[in-house]
Amino acid sequence: MQIEILGTESLGVRGLSCVVTTKDRKIVIDPGIALGYSRYGLLPHPLQVAVGETVRQKILKTLEDATDVVFSHLHGDHVPLVDANPYQMPAEKVAAVCHARAQRFWVKGTRGLSQHMSQRLESLRVALDDALANAEGQTDGLMSFSLPVPHGQRGERFGMVMMTRVVDGAEVFVHASDIQLLDDEAVSGIIAWQPTVVLASGPPLYLPSLSKRQRKTALRNAVRLAHKVDTLILDHHLLRSEGGRRWLDKIAATTGNRVICAADFMGQRRTMLEAWRQRLYAEMPVPKGWHAAYARGEVDTGAYREVPYPEDFESLTAK
């Protein structure tokens, strides 16, 4: 089994996309991407936009010969969109590469979908020319899918997600999407699958609304998983802040087990651009009107592709 993480917060974008390759199948999970549209009152820095372009092209290239495509849920950083903003994945581009090959789509069902998400599902069915049937609870050879589990804490307004399990010999990979480690039952479900590698969203520590009780729950569940899994990869919501990076490293040091982020797993430098947006603007000022011009196709990111990171970012990437 080969696992490649394509895009997530420690790799410079929002999302949790990956590809799992076995002898007979190439499984792309959550081929979406986003950049926080406004954070600290700032639009994505052009350096973020440049990284986003690179990740988007990597996902599209990977989809060209995929056998299976999984949508864990329908949020805009996990799926292509018919109405994508300039920093997301357009559904028509995914349709163009997927129609060249008979990929099979595996999609979370309608349980817990808001009216808006239901409309998004219908628009994707049209754009991708596929029924996008409910995959929850199904098994197909080496792949299996969970019943719905909470997107974060049970009962909150963010709905449900579907987890994916891929078995290849003695290796078992679980993509746990946006569970955020906030639901004990979801974590118990992962453990019951006996994974060797887990990729999941950690808790959104950057949100003031995350309660002390929720933080304790996430910590307890991270430690539970760390003791049951050979490699625990926590990223996404967790690494939208420097506090999340410190939390991750503390769990690794406390448990003595392999608890890492996606960049660590891929052997790359941690590039937490969402967390660094204010500093990016301070170190690399953005010309007035740049984003509107970019949306109109009047400017590109060429000037930002070879820009070195400010030296003081180097301390942030140290483990």
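Three bridges join strand β13 to strand β14 (residues 258-260), and the two strands run parallel. In this report, strands pair if DSSP finds at least two bridges between them. Helices (H or I, at least four residues) and strands (E, at least two) are DSSP runs, numbered from the N terminus. The structure is a predicted model, in which local features need pLDDT of at least 70 and side-chain atom pairs count only at pLDDT 80 or more, while totals for chains, interfaces and linings use all residues. Residues are numbered from 1 along each chain as its sequence is written, and side-chain values use heavy atoms, with hydrogens and water left out.

Strand β13, helix α6 (residues 242-255) and β14 make a right-handed β-α-β unit. A crossover counts as right-handed if, with the strands pointing away from the viewer, the path from the first strand over the helix to the second runs clockwise.

Strand β13 also pairs with β12 (residues 197-201), in the parallel sense and over five bridges. Here L199 stands opposite I233 in β13. From β12 the chain passes through helix α5 (residues 212-226) to β13, and this β-α-β crossover is right-handed as well.

Strand β13 comprises residues 231-235, and five of its five residues are buried. Buried means under 20% relative accessible area, exposed over 50%, and partly exposed in between (1.4 Å probe, protein chains only). In a regular strand the side chains alternate between the two faces of the sheet. Both faces of β13 are covered, with T231, I233 and D235 buried on one side and L232 and L234 buried on the other.

**Aromatic rings**

The structure holds six aromatic pairs. Rings of Phe, Tyr and Trp (its six-membered ring) pair if their centres lie within 6.5 Å; planes under 30 degrees apart count as stacked, over 60 as edge-to-face and the rest as tilted. Two of these pairs are set out below.

| Pair | Arrangement | Centre to centre | Angle between planes |
|---|---|---|---|
| W106 and F145 | stacked | 5.1 Å | 25° |
| W290 and Y304 | edge-to-face | 6.1 Å | 80° |

W106 and F145 are buried.

W290 lies in helix α9 (residues 290-295) and Y304 in the loop between α9 and α10 (314-317), so their pair ties together parts that are 14 residues apart in sequence. W290 and Y304 are likewise buried. Ring pairs also link Y37, Y87, W290, Y294 and Y304 into a cluster.

The ring of Y206 has the charged end of R39 over it, 4.9 Å from the ring centre. A charge sits over a ring if NZ of Lys or CZ of Arg is within 6 Å of the ring centre and within 35 degrees of the ring normal.

**Helix α1**

Helix α1 (residues 46-63) has 18 residues and should span 26 Å at 1.5 Å a residue, which agrees with the 26 Å between its end C-alpha atoms. The expected span is 1.5 Å times one less than the number of residues. Of the 18 residues of α1, 14 are buried.

**Cysteines**

The structure holds zero disulfides, a disulfide being a pair of cysteine sulfur atoms within 2.5 Å. The closest cysteine sulfur to that of C18 is in C261, 15 Å away and too far for a bond. C18 counts as buried because its relative accessibility is 0%.
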